[in-house]
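Welcome, and take a moment to look over the model below. The report that follows walks through a few of its features, one group at a time.

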Amino acid sequence: MGFKCGIVGLPNVGKSTLFNALTQTAAAQAANYPFCTIEPNVGDVAVPDERLEVLARIAGSKEILPTRLTFVDIAGLVRGASKGEGLGNQFLANIRECDAIAHVVRCFEDGDITHVEGKIDPLSDIQTIETELMLADLDALERRAPAMEKKAKSDKEAKETYELMARCLVELREGRPARVAAGTSREEHKAFAALGLLSSKPVLYVCNVEEGAADKGNAFSDRVREFAKSEGAACVVVSAKIESEIAVLPRVEQAEYLEAVGLAEPGLNRVIRAGYGLLHLVTFFTVGPKEARAWTVEAGSKAPQAAGVIHTDFEKGFIRSETIAYDDYVAGKGEAGARELGKFRLEGKEYVVNDGDVLHFRFAN
């Protein structure tokens with residue numbers, strides 16, 4: 001099960017620098033000119049989770065396998081992208097393939113790095129990107145809606161789809177993103193996602209600040225944080241320059257570097273965790289002497305679906321899951337101790353997996 005978070009923003013805001021740091025590679029060229037990234041670069045990153053190492057120590061696991069999240073570095077959008085400006089059509093298509101958006105916003109001043117709009121104004125930058133996504137969605141829906149309306153007269157599924165489209169059109173014509181029209185239920189989010197609208201995707205704002213503001217941010221990032229709060233979005237402050245320097249250091253030296261710049265952990269850890277939360281994902285674990293492994297499922301997934309993430313046969317032949325909550329596993333110092341504490345449970349097909357569950361699946365061949 002793969003989940004993609006697309007890194008977007010105007011040119012020269014630090015997208016590729018951030019991507020390079022995330023993937024600890026030089027796969028994306030970071031250069032001071034627009035469109036230095038032409039094809040989207042893709043990188044899988046481990047989701048930092050201290051619980052996994054704790055479980056591995058308790059179980060004496062030989063190998064630790066974290067769960068992963070995919071980030072896609074998408075070339076910089078510019079004003080007019082919805083009409084094809086700046087290779088806009090290609091870049092908008094790349095965004096459409098992602099599950100969520102990490103919107104990198106420039107929150108630093110540097111005379112040596114040009115800004116495509118000629119000024120540092122993060123909220124204006126956000127509006128530029130959001131407007132292009134909304135215009136692209138509005139154009140797509142207005143072209144698709146008439147045919148869907150006609151089909152809806154005799155097809156129940158088409159009727160439901162048309163009603164969703166109509167709700168989105170109301171918001172888009174009022175200058176609001178399609179995600180405003182989405183309900184809160186898991187089923188409705190899936191239905192909206194099926195429309196393939198760019199502005200319906202959840203957004204994480206990543207404020208790229210100067211090195212001195214990496215811990216608490218600055219006046220620019222404060223404005224973005226307030227804006228994100230007003231629309232119920234997530235916001236993270238990082239210094240892409242610091243993160244790129246940390247990424248190439250040996251692990252033992254990273255801690256010293258972080259301490260020197262006054263950071264408790266790499267900002268990228270916050271970006272990854274925020275992206276994970278943005279996609280409404282939870283982690284469950286499988287633990288044994290061979291390996292301790294983290295797995296990803298969407299929040300609300302039932303036990304058979306979780307089993308299917310490991311292997312499709314596990315879901316098809318699902319019988320039950322042996323379940324221990326993370327805290328109970330730690331308190332009991334392993335499965336045997338958790339059993340003695342009465343914290344070992346047998347769960348059936350309707351069990352909804354909780355974040356941190358340690359699971360062992362029983363299935364029929």
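How many aromatic pairs does the count come to? The count comes to five aromatic pairs, where rings of Phe, Tyr and Trp (its six-membered ring) pair if their centres lie within 6.5 Å, and planes under 30 degrees apart count as stacked, over 60 as edge-to-face and the rest as tilted. Before going further, please keep in mind that this is a predicted model, in which local features need pLDDT of at least 70 and side-chain atom pairs count only at pLDDT 80 or more, while totals for chains, interfaces and linings use all residues. Residues are numbered from 1 along each chain as its sequence is written, and side-chain values use heavy atoms, with hydrogens and water left out.

**A stacked pair of rings**

Let us begin with F284 and W295. Their ring centres are 6.4 Å apart and their planes lie at 15°, so the pair is stacked. This pair links distant parts of the chain, with F284 in strand β8 (residues 281–287) and W295 in strand β9 (residues 291–298), 11 residues apart. Helices (H or I, at least four residues) and strands (E, at least two) are DSSP runs, numbered from the N terminus. Both F284 and W295 are buried; buried means under 20% relative accessible area, exposed over 50%, and partly exposed in between (1.4 Å probe, protein chains only). Ring pairs also join F284 and W295 with F318 and F361 in a cluster.

**The chain as a whole**

Stepping back, the secondary structure comes to 14 helices and 12 strands. The chain has 365 residues, and 49% of them count as buried. Its accessible surface is about 17800 Å², with 50% of that belonging to carbon and sulfur atoms; such areas come from the Shrake-Rupley method with a 1.4 Å probe, and for residues only the protein chains shown count as cover. Among contacts in the chain with a separation of 6 or more, 69% are between residues 24 or more positions apart, a contact being heavy atoms within 4.5 Å.

**Two packed helices**

Two packed helices are described by the angle between their axes and the distance between the axes. Helix α4 (residues 122–152) packs with helix α7 (residues 219–230) at an angle of about 45°, and their axes are 9 Å apart. That makes α4 oblique to α7. Here the axes are lines fitted to C-alpha atoms, for helices over the stretch in contact, and angles run from 0 to 180 degrees between N-to-C directions. Angles under 35 degrees count as roughly parallel, over 145 as roughly antiparallel, 65 to 115 as roughly perpendicular and the rest as oblique.

Which residues in α4 and α7 meet? From α4 come P122, L123 and I126, and they meet F220, R223, V224 and F227 in α7. By class, the contact of α4 with α7 has six nonpolar, no polar and one charged residues. In this scheme Ala, Val, Leu, Ile, Met, Phe, Trp, Tyr, Cys and Pro count as nonpolar, Asp, Glu, Lys and Arg as charged, and the others, Gly among them, as polar.

**Two residues with positive phi**

Next come two loop residues. N12 is not a glycine, although it has a positive phi of about 65°. N12 sits in the loop between β1 (4–8) and α1 (15–23), and its relative accessibility of 12% means that N12 counts as buried. K333, also not a glycine, has a positive phi of about 55°. The loop that holds K333 runs between α13 (326–331) and α14 (335–340), and K333 counts as exposed at 70% relative accessibility.

**Pairs apart in sequence**

The table lists some residue pairs with their separation along the chain and their C-alpha distance.

| Pair | Apart in sequence | C-alpha to C-alpha |
|---|---|---|
| K15 and V104 | 89 residues | 6.2 Å |
| A75 and I95 | 20 residues | 10.0 Å |
| V330 and L55 | 275 residues | 7.3 Å |
| A194 and T161 | 33 residues | 9.2 Å |

K15 lies in helix α1 and is buried, with a relative accessible area of 7%. A75 is in the loop between β4 (68–73) and α3 (88–96), and A75 counts as buried at 4% relative accessibility.

Is V330 buried, partly exposed or exposed, and what is its relative accessibility? V330 counts as partly exposed, at 28%. V330 belongs to helix α13 and, leaving aside its neighbours within four places in sequence, is in contact with V54 and I58. Finally, A194 lies in helix α6 (residues 186–194), where A194 is exposed with a relative accessible area of 67%.
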